[in-house]
Amino acid sequence: MVETITSAQSAIALEEKYGAHNYHPLPVVLHKGEGVFLWDVEGKRYYDFLSAYSAVNQGHCHPRIINAMINQAKELTLTSRAFYNDKLGLAEKYVCETFGYDKALFMNSGAEANETAIKLARKWGYLKKGIEENKAVIVALKQNFHGRTTTIISASTDPQATKNFGPFMPGFEIVDYDSVPALEKALANKNVCGLWIEPIQGEAGVYVPHDGYLKAAEKLCKQHNVLLMMDEIQTGIARTGKMLASDHENVKPDLLILGKALSGGVMPISVVLANDEVMMMIKPGQHGSTFGGNPLAAAVCIEALQVVKDEKLAENAERLGKIFRERMTALIKKTKQVTLTRGKGLLNAIVINDTQQSETAWNLCLKFAENGLLAKPTHGNIIRLAPPLVITEEQIHECCDIIEKCITTM
Ligand code: PLP
């Protein structure tokens, strides 16, 4: 007989005993989700202010996405790429037309899509730019987060991500984020094939670069014949108030990397988009994934993106993000507990007036949870606040009231 969970404590105890301890979750055991809400096993309702790290932009269990998933699951789920299927081409066309590229390469996790982009940039570097074999360099930025594979962490500056996981992959040069002079210097190296950027550094704590940084990066890439590799896995799909965060500066990356909300959070789907000059570098047998581009993912991805367009989620994120930051700015004037708010659209953070090592942000998140709102600190004293984009103005105000009450009574 299949065991069932009878209490929050028993669910936590099971994970603690049988699961690897690679996360440190808040002590909340979730059971159900709908739109902006989550419910725990005891039936308590919460506003979700993490959105599964921005994977559920369309809201939990969006009925249209779930229907697309169920309908496709009844027909065909996986063929592998050894054969054609009748859904993949439709999804490829849909994403290419949506984002304005010639070709798409579907993978599953965000990390895999970044790995794909690295391989594409290197191959292009050797075959088109004429870099000597094995000398290609990708410029990455301090405090980046692109995933957890051994190659990706080779470009990380976070000791938690790297300590005791070496040896590392060579071929990365790490420079300061948000510094145009640092890019000017690094991209002048003739062996550089790619510049790898998050338009807003989400995991690091929602660091927004100055206006014009992305445009300057794009210009320098063109000048030095370097591919601009934009990791929009967290910032893309309407999260920051435009379909892509790059759209705020009218920047068009050479390699666009998407994941998370590409499926509305119902299954792992990621994709790399590029024009033919770059994408056609990869020939049969040189890259792939058993699950990448499966018909189930293809059907889900089309519906998940169509929902974002039909429900005008970018516009909602833009409008409600402004209200949210106004409320947080007003709160900062009233209290000494919060020192800063920053973000774009509905990807925001507040900075708690304490050291990175202190427990204050964690304790505040526990208090948020008690009061019906779920969020989690990222890097000590920073709390990321990112609800599903289907949230309404009334709900945003209610959530700001909860946040305000918890902070002012801390
Ligand atoms: N890139 C960015 C910007 C991310 O925020 C994340 C995940 O948080 C990833 C890549 C990794 O995605 P995944 O966890 O699906 O591998």
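Reader: How are helices H8 and H10 oriented to each other?
Author: In this predicted model, helix H8 (residues 180–187) and helix H10 (residues 213–223) pack with their axes 10 Å apart. The angle between them is about 15 degrees. Angles under 35 degrees count as roughly parallel, so H8 and H10 are roughly parallel to each other.

Reader: Which residues form one aromatic cluster with Phe 37?
Author: The structure holds five aromatic pairs. In one of them, Phe 37 and Trp 39 are tilted, 6.0 Å centre to centre and with 55 degrees between the planes. Phe 37 also forms a tilted pair with Tyr 47, at 4.8 Å centre to centre and 45 degrees between the planes. The residues that form one aromatic cluster with Phe 37 are Trp 39 and Tyr 47.

Reader: Which strands does the pair of Phe 37 and Tyr 47 link?
Author: Phe 37 and Tyr 47 are ten residues apart, and their pair links distant parts of the chain. Phe 37 is in strand E2 (residues 37–40) and Tyr 47 is in strand E3 (residues 45–48). The strands are therefore E2 and E3.

Reader: Why do Phe 37 and Tyr 47 count as buried?
Author: Buried means under 20% relative accessible area. Phe 37 is buried because its relative accessible area is 13%. Tyr 47 counts as buried because its relative accessibility is 3%.

Reader: Where is Ile 237 placed, and is Ile 237 buried or exposed?
Author: Ile 237 is in the loop between strand E8 (227–231) and strand E9 (255–258). Leaving aside neighbours within four places in sequence, the contacts of Ile 237 include Phe 99, Met 243, Leu 258, Leu 262 and Leu 389. With a relative accessibility of 1%, Ile 237 counts as buried.

Reader: Which residue has its charged end over the ring of Tyr 101, and which lies over the face of Tyr 207?
Author: At Tyr 101, the charged end sits 4.4 Å from the ring centre and belongs to Lys 252. At Tyr 207, the distance to the ring centre is 4.0 Å, and the residue over the face is Arg 342.

Conventions:
Residues numbered from 1 in each chain as written. Predicted model: local features only at pLDDT ≥ 70, side-chain atom pairs only at ≥ 80, totals over all residues. Heavy atoms only, no water. Helix = DSSP H or I, 4+ residues; strand = E, 2+ residues; numbered from the N terminus. Buried < 20%, exposed > 50% of the residue type's maximum accessible area, 1.4 Å probe, protein only. Contact = heavy atoms within 4.5 Å. Phe/Tyr/Trp six-rings, centres within 6.5 Å; stacked < 30°, edge-to-face > 60°. Lys NZ or Arg CZ within 6 Å of the ring centre and 35° of its normal. Axes fitted to C-alpha atoms, helices over the stretch in contact; angles between N-to-C directions. Parallel < 35°, antiparallel > 145°, perpendicular 65-115°, else oblique.
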